[in-house]
Amino acid sequence: MTLLEALAICAAGVGAGAINAVVGSGSLITFPTLVAVGIDPIVANVSNNIGLVPGSFTGAYGYRAELKGQRDRLVRLGMGSLLGSLCGGLLLIVLPPGVFKVVVPVLIAVACVLVVIQPRLNGWLAARREHAHPDGGIGLWIGVFGAGVYGGYFGAAQGVLLIGLLGAVLADDLQRINAAKNVLSLIVNGTAAVLFTLITDVDWWAVLLVAVGATLGGWLGAKVGRRIPSPVLRGVIVCVGVLAIIKLVFG
């Protein structure tokens with residue numbers, strides 16, 4: 001890995017950490033960057049997941065004021081995230097590598113669509129919120145479990161998916177929902193990171209570079225990320241996602 005490539009990965013980590021704290025699709029920045037510097041896609045996915053854990057922590061910590069009063073909810077939903085992440089991580093490990101290379105471009109495309117339609121999704125959620133279930137019930141737990149499977153297998157835009165699920169069901173402020181999303185994403189990423197560290201190949205230099213950038217980015221995202229114009233942020237994410245699809249499909 002050259003110095004320029006290392007700096008690119010670290011910079012991508014900063015962007016991903018900030019984006020994850022605010023929107024939840026930072027892997028669409030870091031994963032393509034790791035693939036672009038020549039890391040095998042599955043190793044890149046695993047290393048990216050582990051590297052983003054510190055950024056997930058700083059992003060969640062930055063929203064600690066909005067987390068007050070959500071302990072019981074997050075303990076219950078967190079179990080769904082943990083179990084789902086284990087299932088998704090095991091699927092990544094046991095399925096043939098060819099499945100990953102076929103499925104991931106589709107998942108990236110879905111993630112890009114979720115990022116694009118998020119403003120409409122938020123409008124729909126706002127209209128439903130006054131009729132929402134106070135604690136989510138079993139339906140939300142199952143949905144969070146499914147998001148955990150997705151995040152454990154390939155985490156790009158899992159935050160957008162979680163905001164959609166939580167906002168559609170919970171009668172709560174969107175900022176508090178975003179804070180809960182950050183904690184659940186941290187559980188998913190942390191669980192998958194432990195699993196991957198124990199039983200699969202990891203590029204630890206990539207992990208270190210992503211982690212350094214994401215730690216700073218998560219803190220910045222929680223502090224100033226809301227000042228970034230949403231259309232600009234979404235445009236960058238979608239462009240990177242499209243480039244990732246092209247790279248994976250056409251090599």
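These legends walk through a predicted model of one protein chain.

**View 1. The fold is built from helices.** The protein chain has 11 helices and 0 strands, where helices are DSSP runs of H or I with at least four residues, strands are runs of E with at least two, and numbering starts at the N terminus. The radius of gyration, taken over C-alpha atoms, is 17 Å, close to the 18 Å that the globule rule gives for 251 residues, so the chain is as compact as a globular protein of that length. That rule is 2.2 Å times the number of residues to the power 0.38.

**View 2. Here we look at inside and outside.** Buried residues (under 20% relative accessible area, 1.4 Å probe, protein chains only) make up 51% of the 251 residues. Among contacts (heavy atoms within 4.5 Å) with a separation of 6 or more, 85% join residues 24 or more positions apart. The accessible surface, from the Shrake-Rupley method with a 1.4 Å probe, is about 11,100 Å², and carbon and sulfur atoms hold 72% of that area.

**View 3. Now for the predictor's confidence.** On the pLDDT scale, which gives confidence in each residue from 0 to 100, the chain averages 85, and 90% of its residues reach 70 or more. Helix α5 (residues 71-94) has the highest confidence, at a mean of 95, while helix α11 (residues 230-250) has the lowest, at 73.

**Notes.** Residues are numbered from 1 along each chain as its sequence is written, and side-chain values use heavy atoms, leaving out hydrogens and water. Local features need pLDDT of at least 70 and side-chain atom pairs count only at 80 or more, whereas totals for chains, interfaces and linings use all residues.

Methods:
Buried < 20%, exposed > 50% of the residue type's maximum accessible area, 1.4 Å probe, protein only. pLDDT = per-residue confidence, 0-100.
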